[in-house]
Amino acid sequence: NLSLKLLEQAVKEFKGKPHNSEVVTSYWQALWSVWGEKAGLSLTVPLCDRTAEEIARLEKESRKLIYVPDELASQESRHLLRRIFPEMESDSVKKGNSVTNESNQGGWFDIEASLDSPNLNTTEEKLANLLKKQGKDGQRLNVYIVGSQDAKLQTGHYFDEKTASRLLGSRRDVRVVFAYFYVYGRLRVGWGLGPRDRYSGWGGRSEGAKKA
C-alpha cells in the first residue's frame, strides 16, 4: 500500500531529525497529502508558527504540534475525517451528526502527546480551571481525532485505549462530550457524564494556539 509506505517514511524522517518549524511542517505536509487525497481534498499546510525553541519547550511539557486544516475543523466537515479513517465508525463523524464545536478554527495546535488521558479524576469545573491556568482551551473532537491518528502513526496506539477524555471544546446540546478509541481504531463519543462526575480513568485534553 503506497500511501501507508509514504506515511511510514514521513514518520521515520520526522523521528530522525531535530524538530524545527520546517521539519514539523514537512511532516504534516506529507500526512495531509496522503490523508487529503482520501477525503478528495487538496490541502495546503502553511509553515509551522512555532520556533525551534518553542517546539523544544512544548516537547519538554509532553506536548506535540498538529495541523488541522480549516476544511476539516468543523462539525459539518467532520464526516470527511471518517472518509479518511473509516474504522472510526462513530455517529459523531457521520453527516448530520449532533456534536457541535466551540469553534471551527483550523491551524497549528499544541496538544498533550500522552496516549493515556491527562488531568485524570477531574470534574468539568476543575478541568476548565486547570486548562485556564495553562493558557489552553478545551480540546475539540476534530482536533482529538487528528491528534489520535497521528499518535497511531508514531506509536502504533490511539489516544485513550485504556482511559477516556473529556473534550470541553465539543458538546451535544449542553453536555460536554467525552471520547476514547478502541485498539482497532473505532472511536467512541458519549455525553452521559455529569459535570461533577469524576473517575480515576477519566481525564480531559487541551489544545493551545500561538498567541498573536
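## Ser 114 and its surroundings

In this predicted model, a polar atom of the Ser 114 side chain lies 2.9 Å from the backbone oxygen of Asp 116, a polar contact in the sense of a pair of N or O atoms within 3.5 Å, where within protein one must be able to donate a hydrogen and the other to accept it, and where residues adjacent in sequence count only if both atoms are side-chain atoms. Ser 114 belongs to the loop between strand E3 (107-112) and helix H5 (124-134); helices (H or I, at least four residues) and strands (E, at least two) are DSSP runs, numbered from the N terminus. Ser 114 counts as partly exposed because its relative accessibility is 30%, given that buried means under 20% relative accessible area, exposed over 50%, and partly exposed in between (1.4 Å probe, protein chains only).

Not counting residues up to four places away in sequence, Ser 114 touches Ser 62, Phe 159 and Arg 205, a contact being heavy atoms within 4.5 Å. The C-alpha atoms of Ser 114 and Ala 151 are 8.7 Å apart, although 37 residues separate the two along the chain. The loop between E3 and H5 also holds Asn 119, which is buried at a relative accessible area of 19%.

## Polar contacts of Ser 206

Ser 206 is reached from two sides chains in this model, those of Gln 139 and Arg 63. The side chain of Gln 139 reaches the backbone oxygen of Ser 206 at 2.6 Å, whereas the side chain of Arg 63 makes a polar contact with the side chain of Ser 206 at 3.0 Å.

Gln 139 sits in the loop between strand E4 (137-138) and helix H6 (141-155) and is buried, with a relative accessible area of 0%. Beyond its neighbours up to four places away in sequence, Gln 139 touches residues including Ile 111, Glu 112, Tyr 144, Arg 205 and Glu 207. Arg 63 is part of strand E1 (residues 63-68) and counts as buried because its relative accessibility is 6%; among the residues in contact with Arg 63, once neighbours within four places are left aside, are Asp 110, Ile 111, Glu 112, Lys 136 and Glu 207.

## Aromatic rings

A pair of aromatic rings is described by the distance of the centres and the angle of the planes. Rings of Phe, Tyr and Trp (its six-membered ring) pair if their centres lie within 6.5 Å, with planes under 30 degrees apart counted as stacked, over 60 as edge-to-face and the rest as tilted; by this rule there are 13 aromatic pairs. Tyr 27 and Trp 28 form an edge-to-face pair, at 5.6 Å centre to centre and 85 degrees between the planes, and both residues are buried. Tyr 182 and Tyr 184 instead form a stacked pair, at 5.6 Å centre to centre with 10 degrees between the planes; Tyr 182 is partly exposed at 31% relative accessibility, while Tyr 184 is exposed at 53%.

One aromatic cluster is made up of Phe 14, Tyr 27, Trp 28, Trp 32, Trp 35 and Phe 85. Elsewhere, Arg 205 lies over the face of Phe 159, at 3.9 Å from the ring centre, where a charge sits over a ring if NZ of Lys or CZ of Arg is within 6 Å of the ring centre and within 35 degrees of the ring normal.

## Backbone angles

Most residues other than glycine have a negative phi, and most peptide bonds are trans. Asn 119 has a positive phi, near 55 degrees, and Asp 160, which is not a glycine either, has a positive phi of about 55 degrees. Asp 160 lies in the loop between H6 and strand E5 (164-172) and is buried, with a relative accessible area of 0%.

## The fold as a whole

The protein has six helices and nine strands. Its radius of gyration, taken over C-alpha atoms, is 16 Å, close to the 17 Å that the globule rule gives for 212 residues, so the protein is as compact as a globular protein of that length; the rule is 2.2 Å times the number of residues to the power 0.38. Buried residues make up 51% of the 212 residues.

## Basis of the values

Residues are numbered from 1 along each chain as its sequence is written, and side-chain values use heavy atoms, with hydrogens and water left out. As the model is predicted, local features need pLDDT of at least 70 and side-chain atom pairs count only at pLDDT 80 or more, whereas totals for chains, interfaces and linings use all residues.
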